[in-house]
Structures are given as structure tokens and as C-alpha cells.
Amino acid sequence: MIAGEVRRYLRDNSAIRVSRSIRDVAYRVLQCKEAQTARLGREPTIEEISKELAMPIEDVSQALDAVCAPVSLYDPVYSDGGDPLTVMDQVRDTKNTDERWMEHITLQSAFENLGPREKQILSLRFYDGKTQMEVAGFLGISQAQVSRLEKSAIGAMRKSVSVS
């Protein structure tokens, strides 16, 4: 009865709700893991647990992930007396930084201020990777015209970005 009450408390008061079926699988996985650890004298791999339970590796992994406690992004991972290294420091997104986001918005706004022909030329050149000759053939104009229009469009975008 006491064990049942403890399970009920943990189930109802955990930080993240996990379905009963996944919790049941996790319970079986943890029991198998304990038994194999005692038998092998080391911690078993996920593959060994999966084989023992005749269960897909993905299900075993998902069950183990579902029952581990959530970790805060600001939990310290390492500290040598100075500033601690947090989980957030290890999962930083270097591609989508605030500076990049602002650059993207600024360039998008500058691009939207161009005329339809300039937009088409820049799209063909820089998004589709076409040469000036290919763009000229596609639009039915000379390569020199494409070059002039491209230079003009880039200059207009540059001016728009520097004003912003």
C-alpha cells in the first residue's frame, strides 16, 4: 500500500506528465537494467536491455528519457571556482543569434523595397545560384543589363541597410 501511494504521489506531482504506457515500459526497463547490472557487474547498454526485453531500441531509449528528471538550462555542469559552465552554454545556437536575426530582418526589408525585376534578378542570382548569363537567357535580356540591374539592386539594398 505504501509503495502504491508513493507511485501515485510521484505520478501526480511530477514536473512533466508521462503517459502510463511509457511509464510501465520504463519500469520494466529499469528493472531489467538493475538485474543485468547485478548479473554482468557493469551497466548494460541500451542494445542489451532491448534484446533482453525483446523491444525496439527506440522504445527503450524513449522510456529511459521519459523517466529521468528534467534539467534546467541554467543548471551548472562544471565549475572550477570561477563562473560555472551551464547547460545553456553547451547548447548555444551560434547560427540564430540576436545579431543574425536583426541582419535577416534588415536584409529582408531592404529586399522587399526593390522592384519586381530587381527582386527576380537577385533571387535567380543568389538564391538559385544562376550565373549572369543564365539569368540573361531566362529573362531575355543581355548579360550587361543583368550586371547593371544587379549592381543597382545591391546598391539600393546597401543604401537601405545603411540608413536603417
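Start with Glu43: in this predicted model, Glu43 is exposed, because its relative accessible area is 55% and the cut-off for exposed is over 50%. Glu43 sits in the loop between helix H2 (20–40) and helix H3 (46–53), and Lys33 sits in helix H2, so the pair ties together parts that are ten residues apart in sequence. Lys33 is partly exposed, at 22% relative accessibility.

Next, select Arg39 and Glu52. Their closest N and O atoms are 3.6 Å apart, in another salt bridge. This pair links helix H2, which holds Arg39, to helix H3, which holds Glu52, across 13 residues. Arg39 is exposed at 54%. Glu52 is partly exposed at 45%.

Then pick Arg42 and Glu48. Here the salt bridge has its closest N and O atoms 2.7 Å apart. Both ends are partly exposed: Glu48 at 25%, Arg42 at 40%. The whole structure has four salt bridges.

Move to the surface. Select Leu73, Tyr74 and Val91, a nonpolar patch with about 320 Å² of accessible area together. Leu73 is in the loop between helix H4 (57–67) and strand S1 (76–78). Leu73 is partly exposed, at 38% relative accessibility.

Last stop: the second largest pocket, with about 210 Å³ of space. Select its lining: His104, Leu107, Gln108, Phe111, Leu122, Phe126, Tyr127 and Met157. Helices H6 (98–112) and H7 (116–127) each give two or more residues. Which element gives the most to this lining? H6 does, with four residues. Colour by class: six lining residues are nonpolar, two are polar and none is charged.

Terms used:
Residues are numbered from 1 along each chain as its sequence is written. This is a predicted model: local features need pLDDT of at least 70, side-chain atom pairs count only at pLDDT 80 or more; totals for chains, interfaces and linings use all residues. Side-chain values use heavy atoms; hydrogens and water are left out. On a 1 Å grid over the protein atoms alone, a cavity is a set of points where a 1.4 Å probe fits but cannot get out, and a pocket is an open set with protein on both sides within 12 Å along at least five of seven lines; lining residues have an atom within 4 Å of a point. Grid points are joined across faces, edges and corners, and a volume is the space filled by probe spheres set on the points. Ala, Val, Leu, Ile, Met, Phe, Trp, Tyr, Cys and Pro count as nonpolar, Asp, Glu, Lys and Arg as charged, and the others, Gly among them, as polar. Patches are made of residues with over 30% relative accessible area and no salt bridge: like charges are joined within 9 Å, nonpolar side chains (Val, Leu, Ile, Met, Phe, Trp, Tyr) within 5 Å. Accessible areas come from the Shrake-Rupley method with a 1.4 Å probe; for residues, only the protein chains shown count as cover. A salt bridge is a side-chain nitrogen of Lys or Arg within 4 Å of a carboxyl oxygen of Asp or Glu. Buried means under 20% relative accessible area, exposed over 50%, partly exposed in between (1.4 Å probe, protein chains only).
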